[in-house]
Amino acid sequence: MSEHEHTEHIVSPGMYLAIITTLLILTGLTVGAAFVNLGRFNIAVALLIATVKATLVVLIFMHAKYAPERTKLVIIAGIFWLALLLFMTLSDYASRVDYRGVRYPMTQIISHTLGNRG
Amino acid sequence: MHRTGALYGQFKTLEQQKDTATLGMWIFLVTEVMFFGGIMLAYTINRHTYFHAFAMGSNTLSLGLGGFNTVVLLASSFTMAMAVWSAQTSKKGLITLFLSLTIFLGFVFFGVKYVEYAQKFHHHLVPGKTFDIFYCVRNPAKCSDIDAADMAKEKEEIEAAVQADPDLNAHAQLYYSAYFGMTGLHALHMVIGAGLLFWLLKESVAGRFNAEWNNPVDIVGLYWHFVDIVWIYLFPLLYLIDRHK
């Protein structure tokens, strides 16, 4: 680490105002999108908008964009661990066949969803 | 441990001190991500398995109240960010003002949440012995807070859902368990956050925060924004299932 002192990055109120405005617009958008029948893509759109909102909060409100590399690494590791948790568990539920040779209901519901709502 | 101004003895510079505190808080927040992630995973599996019950349950929530609370919470994140900015630029009066606004918005959120929870208790929609998804449809006089048009729509939806899922009353309890569990844990985090904000408020009134020393404001800010992110996901997951019918 260098000896000389860096000045802390200060995010301006104008930037915060731009972010909160975007967050409110995206909230309106997610409510609007829920009333449009997109079949199985409704949840995908909802989660996509939520993730964009969360990213804006993390980068600007939580100053991750201006954080040192090692802090960014911790954040990315956290997201990676969450992805592991979700992906590994859901892939197990989606593909599991029990001792009777019966698939877990989730598999049936997914195929039902794809068939009737997709 | 000696302290020179805002700098504690184990650190070389204020920047290093700030980075250390921030890094520690982020490591804690990663454990929180895993905590809420596990709950959301359980929610996802139940939602896929009992989709009709979850859609039915979601449609009984008030989109107006949920949407209003989303706006309130986002606004409180903005005021929190402004409190951090005020501390970083040594604007002592503004720190107190923005912290007070953040606490106020937090309490508006609690108030709305209370109204929502009370409604669910009146409508027999709390999992347990008295749970009855058909209660309002069968006793419309006792659910006079639902207007006639909404009641007719709800009746239609419940009848359609029972056709698709004969065990609707049991499976709908899974939805409400997820609803109360997730929003309850979120609210608990907000209560802790509000407690921390009161402490910051006391310190800010005493004039303790400035451009050199504002780590507590920054760290509590990270926590408050994290709680906001949880709600950003909870809102579409709980309030917006199958709204397009």
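Leaving aside neighbours within four places in sequence, which residues is B:Q17 in contact with? In this predicted model, the partners of B:Q17 are B:A6, B:L7, B:Y8, B:F11, B:W213 and B:N215. B:Q17 itself sits in helix α1 of chain B, which spans residues 14-49. Its relative accessibility is 4%. The cut-off for a buried residue is under 20%, so B:Q17 counts as buried.

Aromatic pairing was examined next. A pair of aromatic rings is described by the distance of the centres and the angle of the planes. Over all chains, the count comes to 18 aromatic pairs. One of them joins B:F54 and B:Y175. The ring centres of B:F54 and B:Y175 lie 5.4 Å apart, and their planes meet at 80 degrees. Planes over 60 degrees apart count as edge-to-face, so the pair of B:F54 and B:Y175 falls in that class. The pair links distant parts of the chain. B:F54 belongs to helix α2 of chain B (residues 51-59), whereas B:Y175 belongs to helix α7 of chain B (residues 168-205). The two residues are 121 residues apart. B:F54 is buried, with a relative accessible area of 0%. B:Y175 is likewise buried, with a relative accessible area of 0%.

Chain B also holds an aromatic cluster. B:F109, B:Y117, B:F121, B:Y179, B:F180, B:W231, B:F235 and B:Y239 form this one cluster.

The size of an interface is often given as the accessible area lost when the parts come together. Between chain A and chain B, the buried area is about 4,700 Å². Carbon and sulfur atoms give 76% of that area. The contact takes 54 residues from chain A and 53 residues from chain B. Salt bridges between chain A and chain B number 0. Polar contacts are found for 3 residue pairs across the interface, with both residues at pLDDT 80 or more.

On the side of chain A that touches chain B, four helices each supply at least two residues: α1 (13-34), α2 (41-61), α3 (69-95) and α4 (105-117). The largest share of this side comes from α3(A), with 12 residues. By class, the side of chain A that touches chain B has 36 nonpolar residues, 12 polar residues and 6 charged residues.

Definitions and conventions: Residues are numbered from 1 along each chain as its sequence is written. Chains are lettered from A and ligands numbered from 1 in the order in which they are written. This is a predicted model: local features need pLDDT of at least 70, side-chain atom pairs count only at pLDDT 80 or more; totals for chains, interfaces and linings use all residues. Side-chain values use heavy atoms; hydrogens and water are left out. Rings of Phe, Tyr and Trp (its six-membered ring) pair if their centres lie within 6.5 Å; planes under 30 degrees apart count as stacked, over 60 as edge-to-face and the rest as tilted. Buried means under 20% relative accessible area, exposed over 50%, partly exposed in between (1.4 Å probe, protein chains only). Contact means heavy atoms within 4.5 Å. Buried area is the accessible area (1.4 Å probe) that two parts lose on being put together, summed over both. A salt bridge is a side-chain nitrogen of Lys or Arg within 4 Å of a carboxyl oxygen of Asp or Glu. A polar contact is a pair of N or O atoms within 3.5 Å; within protein, one must be able to donate a hydrogen and the other to accept it, and residues adjacent in sequence count only if both atoms are side-chain atoms. Ala, Val, Leu, Ile, Met, Phe, Trp, Tyr, Cys and Pro count as nonpolar, Asp, Glu, Lys and Arg as charged, and the others, Gly among them, as polar.
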